[in-house]
Amino acid sequence: MPFYQSPKKIGAFDAKFEAQKIAFAPITFQVARCLLKFNLLAIIDSHGKTGCTLQQITAQSELTEYAIGVLVDMGLSMGLLWHKDEHYHVDKIGHFLLHDRMAQINLNFVQDICYQGLYDLDESLKLGKPNGLKVFGDWQTIYPTLSELPENAKKSWFEFDHYYSDHAFPVLLPLIFKHRPAMIVDIGGNTGKWAFACTAFDTQVKVTIMDLPGQLNVAMANAVTHGVNDRVTGFECDLLDDSTPFYGGGDLYWMSQFLDCFSDEQILTILQRTAANMSKDSELCILETYWDRQPFEAGAYCVNATSLYFTAIANGNSRMYHSKEMLKLISQAGLYVDEDIDNIGLGHTLLRCKLKP
């Protein structure tokens with residue numbers, strides 16, 4: 001990781017400009033969203049190299065010339081557009097905002113899940129609670145009530161969650177099945193996407209999903225839809241409640257984008273409970289995105305930004321971790337890392353863990 005280890009090479013004038021961009025960041029975010037929502041970037045893009053005038057955009061839009069004018073002018077300042085001879089053109093940043101799936105998913109997630117709640121980030125930081133979650137309901141954390149989110153918010157949350165994990169699946173499946181596990185315990189399996197990927201990859205494997213009741217109801221319904229309800233079962237468990245039973249006897253315990261949902265103290269408890277139910281032949285596979293393991297600075301930027309979603313919205317006390325913090329907790333739980341693989345999918349790291357001798 002070559003980034004963040006030395007002062008940024010930037011002059012004072014440019015640094016001051018960057019500071020102004022931060023000051024106006026909420027405005028630029030909403031301008032970008034509106035340029036997409038009202039298809040203004042798409043309209044301009046459809047005119048190709050010739051570009052189009054404000055009047056031509058207005059003729060194809062539901063917005064007034066005034067409304068379009070304030071948006072495209074700010075789009076120029078944001079580097080989304082350029083303008084010559086009264087014609088607007090989509091610039092490179094605007095092109096990727098319009099056509100890049102990752103940018104679209106991230107933007108929708110921030111708008112539908114994070115934007116309003118982040119207003120209370122300061123209170124969340126002080127209290128250690130997700131103070132911004134109140135925009136959705138009077139809940140302690142977001143996880144038990146994901147199924148109760150408004151439809152647009154629920155769609156954006158699951159698209160964000162699945163987009164990053166789905167890109168890792170093709171690489172992961174051969175790695176996971178090289179030891180031929182007969183029983184996989186998917187801890188925090190959510191809607192069951194990983195379980196169904198496993199049952200499609202190996203027609204004999206059985207998967208038990210451990211999760212909260214709300215998520216299990218969805219997962220079990222999906223298992224019926226996929227025709228694998230004879231091989232995918234649910235195991236209701238609150239991992240933070242020591243009195244809740246924990247599934248024992250799995251060949252492989254699986255945690256994908258899961259431990260980042262907990263504080264370091266809670267992670268240690270979960271890992272200890274997992275280790276206590278593993279045999280000497282079992283293994284625990286942990287898939288996470290660590291900000292220090294990202295191959296490009298853009299990845300570290302997105303991962304670190306996601307931490308603030310956990311702070312203000314999800315639970316108030318978890319984050320995207322530095323890999324050294326996770327390795328320390330794994331060791332404290334009585335486990336060791338048998339294999340450590342970076343650059344899976346979109347910046348994921350797979351840690352294969354076993355019980356210490």
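Asp342 is partly exposed, with a relative accessible area of 32%. In this predicted model, the side chain of Asp342 meets that of Arg293 in a salt bridge, 2.6 Å from N to O. The two residues belong to distant parts of the chain: Asp342 sits in strand E8 and Arg293 in the loop between E7 and H13, 49 residues apart.

Is Arg293 buried or exposed? Arg293 is buried, at a relative accessible area of 17%, which falls under the 20% limit for that class. Asp340, by contrast, is partly exposed, at 38%.

A further salt bridge joins Lys178 to Glu339, with 3.3 Å between the closest N and O atoms. Lys178 is in the loop between helix H9 (151-176) and strand E3 (183-187), and Glu339 is in strand E8 (residues 335-344), so this pair ties together parts that are 161 residues apart in sequence. Both partners are partly exposed: Lys178 has a relative accessible area of 43% and Glu339 one of 24%.

| Salt bridge | N to O distance | Separation in sequence |
|---|---|---|
| Lys178 and Glu339 | 3.3 Å | 161 residues |

Through shared partners, salt bridges join Lys178, Glu283, Glu339 and Arg352 into one network.

How many of the six residues of E7 are buried? Six of the six are, and the strand is mostly covered.

E7 pairs with two strands described here. With strand E6 (residues 252-256) the pairing is parallel and runs over five bridges; within it, Ile286 of E7 is the bridge partner of Met255. The chain gets from E6 to E7 by way of helix H12 (residues 264-276), and this β-α-β crossover is right-handed. With strand E9 (residues 348-355) the pairing of E7 is antiparallel, again over five bridges. In that pairing Leu284 stands opposite Cys353 of E9.

**Helix H6**

Helix H6 covers residues 92-99, and its buried residues are Gly94, Leu97 and Leu98. Seen down the axis of H6, these buried residues fall within an arc of 95°, so they line one face of the helix. An α-helix has 3.6 residues a turn, so residues three or four places apart point the same way. The face turned away from the buried side of H6 carries the exposed residues Lys92 and Phe96.

What do the buried residues of H6 pack against? Their contacts are with helix H2 (25-37), helix H3 (40-46), strand E2 (87-90) and helix H7 (101-114).

**Annotated region**

The UniProt record, an unreviewed entry, places the feature "domain: O-methyltransferase C-terminal" at residues 183-334. Over this span the chain is 42% helix and 18% strand, and its end C-alpha atoms are 22 Å apart.

Terms used
Residues are numbered from 1 along each chain as its sequence is written. This is a predicted model: local features need pLDDT of at least 70, side-chain atom pairs count only at pLDDT 80 or more; totals for chains, interfaces and linings use all residues. Side-chain values use heavy atoms; hydrogens and water are left out. UniProt positions are given in the numbering used here, feature names are shortened, and annotations may be inferred rather than shown by experiment. Helices (H or I, at least four residues) and strands (E, at least two) are DSSP runs, numbered from the N terminus. Buried means under 20% relative accessible area, exposed over 50%, partly exposed in between (1.4 Å probe, protein chains only). The arc is that of the directions from the helix axis to the C-beta atoms. Contact means heavy atoms within 4.5 Å. A salt bridge is a side-chain nitrogen of Lys or Arg within 4 Å of a carboxyl oxygen of Asp or Glu. Two strands pair if DSSP finds at least two bridges between them. A crossover is right-handed if, with the strands pointing away from the viewer, the path from the first strand over the helix to the second runs clockwise.
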